[in-house]
Amino acid sequence: MIKETFAAVGHSARGLLRGWPGLALLNVLYAALLVSVYWFFATGVATTRQLVISAVTFVLAPLLFFVLQAAAAHFAVGTRGLGGLLKRALRDFWKILLVSLPLVALGVGLFYLLNKLDGYLPKPDEAARAASAAAGPRAVPPEPLRWPEALSSSLWILLLGFILPLVAAHLWLSVARDGLKATLRRFHRVAGRAFLPRPVLVYALGLLVFALMPYFIIYTRTPVKAAWGELVLFGLRLALAFVFTLWGWTITLGALGAFAPPATTDAAPHPEPPAPAPAEPAAEPQMQT
């Protein structure tokens with residue numbers, strides 16, 4: 001199983017590099033999504049112009065997100081041309097949005113419940129923690145693991161960072177390959193296939209690339225004395241985070257698609273073989289007179 005998983009990831013990575021026209025479109029869509037999100041948070045609401053920009057980016061950012069996911073799903077199932085990929089992404093992004101609505105509602109509910117859970121868990125003594133940090137790392141022994149905090153963090157990562165995106169990826173791939181109607185008819189089967197061993201392993205490997213690697217790239221500090229060097233290093237960090245996030249997610253979708261059979265080919269029960277016809281009795285030989 002592990003060998004097949006790595007083979008699927010490698011095949012998806014080679015397909016990503018060979019389909020450079022579609023990859024260029026994915027890069028443009030992802031860059032536009034990041035710019036729209038940046039303008040939404042960076043623009044104030046003091047003037048009419050700023051209000052208009054905030055309203056436009058508030059609507060544009062989710063649309064770009066689903067257009068990007070539609071393009072990535074079609075790219076993963078084999079559409080690599082620039083024109084065909086853009087056409088199918090614009091045609092199917094609303095289908096991706098429609099099948100994602102139950103997951104969005106579930107995510108909002110989980111977010112609310114996890115926040116409630118955090119409120120009920122016992123809180124550590126912040127004053128003691130601040131005093132320990134001020135005393136230095138060698139003054140006091142390290143704090144023991146706080147199981148309530150570990151439990152809460154694990155639930156946040158497992159539910160909102162692993163399970164929901166994994167199910168969403170399978171639904172998006174099914175829409176791109178089989179269409180909206182087939183996906184809705186077999187919604188539970190498509191979602192259930194997300195938890196098979198191979199898709200779980202593929203997504204776990206992809207999570208290291210498109211989520212954890214960009215996090216460490218952005219937040220790892222490298223001491224640089226020159227101001228221009230720090231600026232260049234920051235630009236390289238952003239570029240690497242961009243590549244790992246988008247390319248890693250696209251490679252993960254391609255590998256998931258290799259283990260997800262089309263929804264229209266669900267195995268049907270095999271009919272029982274027909275019963276053999278009874279053998280005719282042999283004719284009795286006639287007595288010669």
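So, which helix does Ser54 lie in? That one is H3, which covers residues 48-76. Before I go on, keep in mind that this is a predicted model.

Is Ser54 buried or exposed? It counts as buried, because its relative accessibility is 10%, and the cut-off for buried is under 20%. If we skip the neighbours within four places in sequence, Ser54 touches Phe40, Thr43, Gly44 and Val45.

Okay, on to the inside. The largest nonpolar core has 50 residues. Leu26, Leu68, Trp172, Tyr203, Trp249 and Leu253 are the ones with the most contacts inside that core. As for who contributes, at least two core residues come from each of H1 (2-18), H2 (20-42), H3, H4 (82-120), H6 (147-178), H8 (187-193), H9 and H10 (227-259).

Let me pick out Tyr203. Again leaving aside neighbours within four places in sequence, Tyr203 is in contact with Gly161, Phe162, Pro165, Leu166, Phe210, Trp249, Thr252 and Leu256. Trp249, you'll remember, is also on that list of core residues with the most contacts.

Take Leu212, which sits in helix H9, residues 197-219. Leu212 counts as partly exposed because its relative accessibility is 38%.

Last stop, Ala7, over in helix H1. With 47% relative accessibility, Ala7 also counts as partly exposed.

Terms used
Residues numbered from 1 in each chain as written. Predicted model: local features only at pLDDT ≥ 70, side-chain atom pairs only at ≥ 80, totals over all residues. Heavy atoms only, no water. Helix = DSSP H or I, 4+ residues; strand = E, 2+ residues; numbered from the N terminus. Buried < 20%, exposed > 50% of the residue type's maximum accessible area, 1.4 Å probe, protein only. Contact = heavy atoms within 4.5 Å. Core = buried A, V, L, I, M, F, W, Y, C linked by side-chain atoms within 4.5 Å.
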